Amino acid sequence: MGALILIIFYGSILFCVAASVVKVIRYVSAPLHLRWELYQGSSVYESVDWWKKSHLSFGEKLKSVAADVLFLRGYYQRNRGLWFFLYLFHIGIYLIILWHAWLFLAAVTTDIEKASAFGRLWGHFATALAFLGGAGILIKRLTGGELKAYYPPVHYIKWGFLLMTLLGAFYAVDVYFGGKMPELLKYVKDQVLFQDFEKKLHPAVATAPHVLFASAWLIYFPFSHIMKLFFRYYHYMRWDDVPNEKGSLIEAKVKELLDLPITWSAPHIRPGKKWKEVASETGEESRAGNR
């Protein structure tokens, strides 16, 4: 059983990295027109003569993205009751990520025996914020009729699983390790440096469930909305307000795409032509060709 947990844990890390790289490559290399689905909210293209208006500078774009990512501005403007718990949860998750980075670094670069209680307080504070925020989000979405309609049953299972993961982390740190930072850092060091395989093959009951929970999240991450959310803020995807001017790179990409043949059919479209032919047809020509 311990060997299986060991394989799942390290395998989930490798899988997360590999799958994330594949997703990044697929998003970045996606055809120009497929990036539309990544836009969030209203688009600049909804404005009349949008190409005649001045474009945002990089600094303005960065400021706007920071407001969305760091302060969840969109939720604050639309639903402040939900925003409060979302903000608690996100701050908690950010602190947990930083805490883990500190654990990995401190475990291999500092004198473990001299570790203070600060790391324990940091971890518990971050976990408490994430748990309170996550529980509040789950309750809000369960009881809010306007929110409940947008989420399938698996969504609530996911949040319940997340809360269990956070509780498992608290139990492992404060019960199994007794809240002692030297013990926790020694365990982390063994994981990072691949030491003490005998203990890995016979993991403690307190740590094994949390390791499995964490592995499940690592496997899920590349397919989560978080990856898509990241690319909403990717400069050319969310803020691509560059007009299609003659001789531009965008024009060259559009021409290349329009020159592709149609490879699927539907009541409103038939294969056998190139996209530029269909795009230039009038309504009457299109209907006549589909009869």
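**Helices, rings and salt bridges in a predicted chain**

At 27% relative accessibility, Trp102 counts as partly exposed, a class lying between buried (under 20% relative accessible area) and exposed (over 50%), with a 1.4 Å probe and protein chains only. The model is predicted, so that local features need pLDDT of at least 70 and side-chain atom pairs count only at pLDDT 80 or more, while totals for chains, interfaces and linings use all residues. Residues are numbered from 1 along each chain as its sequence is written, and side-chain values use heavy atoms, with hydrogens and water left out.

The secondary structure of the chain comes to 15 helices and 0 strands, both taken as DSSP runs numbered from the N terminus (helices H or I, at least four residues; strands E, at least two). Of the 291 residues in the chain, 33% are buried. The accessible surface, computed by the Shrake-Rupley method with a 1.4 Å probe, with only the protein chains shown counting as cover for residues, comes to about 18,500 Å², and 68% of this surface belongs to carbon and sulfur atoms. Among contacts (heavy atoms within 4.5 Å) with a separation of 6 or more, 66% are between residues 24 or more positions apart.

Helix 4 has 30 residues and, at 1.5 Å a residue, should span 44 Å, which agrees with the 43 Å between its end C-alpha atoms; the expected span is 1.5 Å times one less than the number of residues. Several residues of helix 4 are buried, including Leu82, Trp83, Leu86, Phe89 and Trp99.

The surface also carries a nonpolar patch of about 450 Å², made by Val69, Leu70, Phe71, Tyr94 and Ile97. Helix 2 (58-71) and helix 4 (80-109) are the elements that give two or more residues to this patch, and helix 2 gives the most, with 3 residues. Patch residues have over 30% relative accessible area and no salt bridge, with like charges joined within 9 Å and nonpolar side chains (Val, Leu, Ile, Met, Phe, Trp, Tyr) within 5 Å. Val69, placed in helix 2, is partly exposed at 31% relative accessibility.

The structure holds 13 aromatic pairs. In one of them, the rings of Phe84 and Phe85 have centres 5.3 Å apart and planes at 75°, so the pair is edge-to-face. Trp102 and Trp122 form a tilted pair, with 5.8 Å from centre to centre and 40° between the planes. This second pair links distant parts of the chain, since Trp102 lies in helix 4 and Trp122 in helix 5 (residues 118-143), 20 residues apart. Rings of Phe, Tyr and Trp (its six-membered ring) pair if their centres lie within 6.5 Å, and planes under 30 degrees apart count as stacked, over 60 as edge-to-face and the rest as tilted. One aromatic cluster is formed by Phe161, Phe213, Trp217 and Tyr220.

The count of salt bridges comes to 6, where a side-chain nitrogen of Lys or Arg must lie within 4 Å of a carboxyl oxygen of Asp or Glu. Arg73 and Asp68 form one of them, with the closest N and O atoms 3.1 Å apart; Arg73 is partly exposed at 29% relative accessibility, whereas Asp68 is buried, with a relative accessible area of 10%. In another, the side chains of Asp174 and Arg120 meet at 2.9 Å, N to O. Because Asp174 lies in helix 7 (residues 153-176) and Arg120 in helix 5, this pair ties together parts that are 54 residues apart in sequence.
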